[in-house]
Amino acid sequence: MDLTVALTAPLLRQLGMGLAVLALALALWRAPWWWLRQPGSAHVLGGATVILLMLWQLRAGIGAGPWLHLLGATVLTLMFSWHFALLAIASLLAAGLLRGHGDLASWGLNLCVMGVLPVALSYRLARLVERRLAPNFFVYVFVSAFLGAALVVACVTAAGALVALASGITAEHALGNYLPSSVLIVFPEAFATGACMTLAVVYRPHWVVSFDDRRYLDGR
């Protein structure tokens, strides 16, 4: 979902840019850079980012509302930690600017809605599932990945609608465009995330930083 200057108020764009800069600074400061030094880790992160870049080009819109595409924030967060997930999404949005998608003025607000919010939600949900639910492979895949992605993308579209409403867009226009967007994108996002995480933890569990073989598989 891309928020443009036409859909956002100047004050919200300024606040979004400030929050985006703070979030990126925190991610750069706290990121587990040692992980990238492990064999193949940097290549996997780079490959996943490139794949998402291509998927983000497959976009569609409804009326005068936002452009829709698969988000991938939950996959990035579960596989690479919230730090690298946020940095990857920031790079995807920057690449979009170079390709003529969006505008610099709303870049920070887009990062907040499409990066900071979904990454934070994905991370907190995964931690909650880890603490409160049984250490079961299917719980990880269906709750943290599938249901988590569905919840996250629904919250992102709701946040987009709230931004539009706060920017002066009429409620009829905002809800008429954003609610159908949520319905259209929730299941594809959840299915793609669940499928990707299932394949990753089955065939390449060492690529997934949130998945511990000893917790989910040993003795089962």
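**First stop: E189 and its contacts**

Select E189 together with L70, L71, G72, A73, A149 and V153: apart from neighbours within four places in sequence, these are the residues in contact with E189, where contact means heavy atoms within 4.5 Å. The model is a predicted one, in which local features need pLDDT of at least 70 and side-chain atom pairs count only at pLDDT 80 or more, while totals for chains, interfaces and linings use all residues. Residues are numbered from 1 along each chain as its sequence is written, and side-chain values use heavy atoms, with hydrogens and water left out.

E189 belongs to helix α7, residues 171–203. Helices (H or I, at least four residues) and strands (E, at least two) are DSSP runs, numbered from the N terminus. Is E189 buried or exposed? E189 counts as buried because its relative accessibility is 4%; buried means under 20% relative accessible area, exposed over 50%, and partly exposed in between, with a 1.4 Å probe and protein chains only. Now display the backbone nitrogen of G72, which lies 2.8 Å from a polar atom of the E189 side chain.

**Second stop: T157**

Move to helix α6, residues 137–166, and select T157. With a relative accessible area of 4%, T157 is buried. Which backbone atom does the side chain of T157 reach? It is the backbone oxygen of A154, at 2.8 Å.

How many aromatic pairs does a search of the whole structure find? The search finds eight. Rings of Phe, Tyr and Trp (its six-membered ring) pair if their centres lie within 6.5 Å; planes under 30 degrees apart count as stacked, over 60 as edge-to-face and the rest as tilted.

Select W35 and F80, an edge-to-face pair with 5.7 Å from centre to centre and 65° between the planes. This pair links distant parts of the chain, since W35 is in helix α2 (residues 33–36) and F80 is in helix α4 (residues 73–98), 45 residues apart. W35 counts as buried at 6% relative accessibility, and F80 counts as buried at 0%.

Next, select F137 and F138. Their ring centres are 5.4 Å apart and their planes stand at 85°, so this pair is edge-to-face. F137 counts as buried at 16% relative accessibility, whereas F138 is exposed, with a relative accessible area of 53%.

Show the surface and select V50, I51, M54, L55 and L58, which form a nonpolar patch with about 480 Å² of accessible area together. Like charges are joined within 9 Å, and nonpolar side chains (Val, Leu, Ile, Met, Phe, Trp, Tyr) within 5 Å. Within this selection, L58 is found in the loop between α3 (41–56) and β1 (60–61). L58 is exposed, with a relative accessible area of 62%.

**Last view: the whole protein**

Zoom out and colour by secondary structure. The protein has eight helices and two strands, and from the N terminus on its elements run α-α-α-β-β-α-α-α-α-α. Of the 220 residues in the protein, 45% are buried.

Notes
A polar contact is a pair of N or O atoms within 3.5 Å; within protein, one must be able to donate a hydrogen and the other to accept it, and residues adjacent in sequence count only if both atoms are side-chain atoms. Patches are made of residues with over 30% relative accessible area and no salt bridge: like charges are joined within 9 Å, nonpolar side chains (Val, Leu, Ile, Met, Phe, Trp, Tyr) within 5 Å. Accessible areas come from the Shrake-Rupley method with a 1.4 Å probe; for residues, only the protein chains shown count as cover. A salt bridge is a side-chain nitrogen of Lys or Arg within 4 Å of a carboxyl oxygen of Asp or Glu.
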